[in-house]
Amino acid sequence: MKGILRFAIAMMAVPFVCGTAFVIGYVILVALTIPQLPPWAQKSVTDWMLDIPQHSETADNGSRPPSSAAGISAVRWAEYVGSKSSVHGMPMKGPIQHWSTWYDKPLLGCVFHDPSYESHSGVDLPVNEGTPIYTTLAGQVVWAAENGPWGNLVVIENDGYQVWLAHLSSIEVSESEVLEYGDLIGLSGNTGNSTGGHLHYGIKHRTEAGSFVWLDPRAYFTEDEIIPIGCSD
């Protein structure tokens with residue numbers, strides 16, 4: 001009987017030991033790899049290897065303001081170029097529900113470079129989970145999966161632009177799929193680094209200089225398309 005008990009305990013311990021060994025091995029790999037890189041590249045590569053959303057910085061790398069530099073990302077660029085490549089409008093349609101109240105237009109919460117954050121690379125649109133989310137850019141899906149702090153993430157690319165739609169509860173598109181403007185991409189949620197139902201909406205751009213920047217999404221929709229409520233709610 002004691003032998004069976006020991007065997008059962010040993011079998012239960014195997015997944016834990018393997019998981020621990022993997023984490024330790026990965027940390028060692030990061031520790032050995034990063035110091036071999038030039039100093040200017042170490043932080044960005046560290047963030048990428050740990051799948052941390054890239055922090056906004058001060059330089060715009062030749063892009064039009066308002067913008068901020070974007071570091072290396074696990075989300076690839078597919079070099080996709082199609083017709084109707086302009087970003088515009090909102091990724092959700094009114095009426096929408098936030099908590100128990102209905103609104104005829106989407107709500108605008110935390111904004112680009114919001115002072116409530118150390119850095120904020122897009123805008124947050126508070127909304128209850130399960131609200132349909134639509135692409136604001138016709139193009140190719142280059143990411144449609146879970147992505148660490150971003151939660152369930154969909155990224156659509158076209159002609160040097162990417163729109164990022166994060167914290168989804170479900171994803172309704174597949175990577176490499178080509179979408180038309182306004183196609184459904186998923187449902188809003190509370191996944192990843194999120195403390196309540198909302199959509200994080202970001203726009204990334206490849207500049208003529210070949211660098212990557214986050215753009216302020218407010219430049220791509222009008223004030224009469226949203227209801228500002230601030231970052232606290």
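A salt bridge here is a side-chain nitrogen of Lys or Arg within 4 Å of a carboxyl oxygen of Asp or Glu. The side chains of arginine 218 and aspartate 216 meet in such a bridge, 2.9 Å from N to O. The model is predicted: local features need pLDDT of at least 70, side-chain atom pairs count only at pLDDT 80 or more, and totals for chains, interfaces and linings use all residues. Residues are numbered from 1 along each chain as its sequence is written, and side-chain values use heavy atoms, with hydrogens and water left out.

## Salt bridges

The count comes to three salt bridges. The table lists them.

| Arginine 76 | Glutamate 175 | 3.5 Å |

Elements are DSSP runs numbered from the N terminus: helices are H or I of at least four residues, strands are E of at least two. Glutamate 175 sits in the loop between β10 (170-171) and β11 (178-179), and arginine 76 in the loop between β1 and β2, so their bridge ties together parts that are 99 residues apart in sequence.

Burial follows relative accessible area: buried is under 20%, exposed over 50%, partly exposed in between (1.4 Å probe, protein chains only). Glutamate 175 is partly exposed at 42%. Arginine 76 is partly exposed at 36%.

Arginine 206 is partly exposed at 24%. Glutamate 79 is exposed at 54%. Its phi is near 60 degrees, a positive value in a residue other than glycine.

Aspartate 216 is buried at 7%.

## Nonpolar cores

A nonpolar core is a set of buried Ala, Val, Leu, Ile, Met, Phe, Trp, Tyr and Cys residues joined through side-chain atoms within 4.5 Å. The largest one has 31 residues. Those with the most contacts inside it are Val87, Leu125, Ile156, Ile185, Leu199, Tyr201 and Ile203. Elements giving two or more residues to this core include β5 (123-126), β7 (139-146), β8 (152-158), β9 (161-168) and β13 (198-206). The largest share, four residues, comes from β9.

Contact means heavy atoms within 4.5 Å. Leaving out residues up to four places away in sequence, isoleucine 203 touches Val87, Tyr161, Gln162, Val163, Val213, Trp214, Leu215, Pro217 and Tyr220.

## Aromatic pairs

Rings of Phe, Tyr and Trp (its six-membered ring) pair if their centres lie within 6.5 Å; planes under 30 degrees apart count as stacked, over 60 as edge-to-face and the rest as tilted. The whole structure holds four aromatic pairs. Tryptophan 150 and tryptophan 214 have ring centres 6.2 Å apart and planes at 40 degrees, so the pair is tilted. Tryptophan 150 lies in the loop between β7 and β8 and tryptophan 214 in strand β14, so the pair ties together parts 64 residues apart in sequence. Tryptophan 150 is buried at 5%. Tryptophan 214 is buried at 0%.

Tryptophan 164 and tryptophan 214 form an edge-to-face pair: 5.1 Å centre to centre, 75 degrees between the planes. This pair links strand β9 to strand β14, 50 residues apart. Tryptophan 164 is also buried, at 0%. Ring pairs link Trp150, Trp164 and Trp214 into a cluster.

## Disulfide

A disulfide is a pair of cysteine sulfur atoms within 2.5 Å. The search of the whole structure finds one. It joins cysteine 110 to cysteine 231, with 1.8 Å from S to S. The link is right-handed, with 85 degrees about the S-S bond. Cysteine 110 lies in the loop between β4 and β5, cysteine 231 in the segment after β15 (227-228), 121 residues apart. Cysteine 110 is buried at 7%, whereas cysteine 231 is partly exposed at 23%.

## Backbone details

A cis peptide bond joins glycine 94 and proline 95, with omega about 0 degrees. Proline 95 lies in the loop between β1 (67-69) and β2 (96-98). Histidine 113 has a positive phi of about 60 degrees although it is not a glycine. Histidine 113 is in the loop between β4 and β5 and is partly exposed at 38%.
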